[in-house]
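Hello,

Here is the structure I promised to pass on. Please open it first, then read my notes below.

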Amino acid sequence: MGDTIIFTNTESGEKLQAEVLELYKFKNFKELYENMDMSKCGYKNGDEISYLHMNKYYSEEEQSKYGVLGIEIRLIQ
């Protein structure tokens, strides 16, 4: 861990820098959602939580082929 990721807002050009704290490897999003604390995935109390939402970004075939990686980060100020 300890790698740095720079996220860039393509509309405003604003950049955020984050440090990688942990990597979580799963077979698919269903497994990730069953084993991760959803607050670490950006969900808040009252949010509808379903791994099926992720299928619009990564098909089940892609998940099967490549697996799923959760990246825990900490923003660097």
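Glu 34 is exposed, with a relative accessible area of 54%. That puts Glu 34 past the cut-off, because exposed means over 50%. One caution before going on: this is a predicted model.

Glu 34 has a charged partner. Its side chain meets that of Lys 30 in a salt bridge, at 2.6 Å from N to O. Lys 30 is partly exposed, at 35% relative accessibility. Both residues sit in helix H1, which covers residues 29–35. They are four residues apart there, so about one helical turn separates them.

**The other salt bridges**

The count comes to three salt bridges. Side chains of opposite charge can pair when their charged atoms come close.

Take Glu 19 and Arg 74. They form a salt bridge, and their closest N and O atoms are 2.4 Å apart. Glu 19 belongs to strand E2 (residues 15–26), while Arg 74 belongs to strand E3 (residues 68–76). The pair therefore ties together parts that are 55 residues apart in sequence. Glu 19 is partly exposed, with a relative accessible area of 22%. Arg 74 is also partly exposed, at 41%.

Then there is Lys 40 with Glu 72. In this salt bridge the closest N and O atoms lie 3.5 Å apart. Lys 40 is in the loop between H1 and helix H2 (60–66), and Glu 72 is in strand E3. So this pair links parts that are 32 residues apart in sequence. Lys 40 counts as partly exposed, at 48% relative accessibility. Glu 72 counts as partly exposed too, at 22%.

**Aromatic pairs**

How many aromatic pairs does a search of the whole structure find? It finds two. One of them is worth a look on screen: Tyr 33 with Tyr 43. A pair of aromatic rings is described by the distance of the centres and the angle of the planes. For Tyr 33 and Tyr 43, the ring centres are 5.8 Å apart and the planes stand at 75°. The pair is edge-to-face, because planes over 60 degrees apart count that way.

Tyr 33 lies in helix H1. Tyr 43 lies in the loop between H1 and H2. The pair thus ties together parts that are 10 residues apart in sequence. Are these two residues buried or exposed? Both Tyr 33 and Tyr 43 are buried.

**The chain as a whole**

The protein chain has two helices and three strands. Along the sequence, the pattern reads β-β-α-α-β. The C-alpha atoms fill a box of roughly 35 × 30 × 25 Å along the principal axes.

Of the 77 residues in the protein chain, 18% are buried. The accessible surface comes to about 6,300 Å². Carbon and sulfur atoms hold 48% of that surface.

Contacts across the sequence are also on my list. Among those between residues at least 6 apart, 52% join residues at least 24 apart.

Last, the charges. The protein chain carries 9 positive and 14 negative side chains. The centres of the two sets lie 3 Å apart.

If you want a place to start, go to helix H1.

Best wishes

Technical notes:
Residues numbered from 1 in each chain as written. Predicted model: local features only at pLDDT ≥ 70, side-chain atom pairs only at ≥ 80, totals over all residues. Heavy atoms only, no water. Salt bridge = Lys/Arg side-chain N within 4 Å of Asp/Glu carboxyl O. Buried < 20%, exposed > 50% of the residue type's maximum accessible area, 1.4 Å probe, protein only. Contact = heavy atoms within 4.5 Å. Areas by Shrake-Rupley, 256 points an atom, 1.4 Å probe, with all protein chains shown as cover. Lys, Arg positive; Asp, Glu negative; His and termini not counted. Charge placed at Lys NZ, Arg CZ, Asp CG, Glu CD. Phe/Tyr/Trp six-rings, centres within 6.5 Å; stacked < 30°, edge-to-face > 60°.
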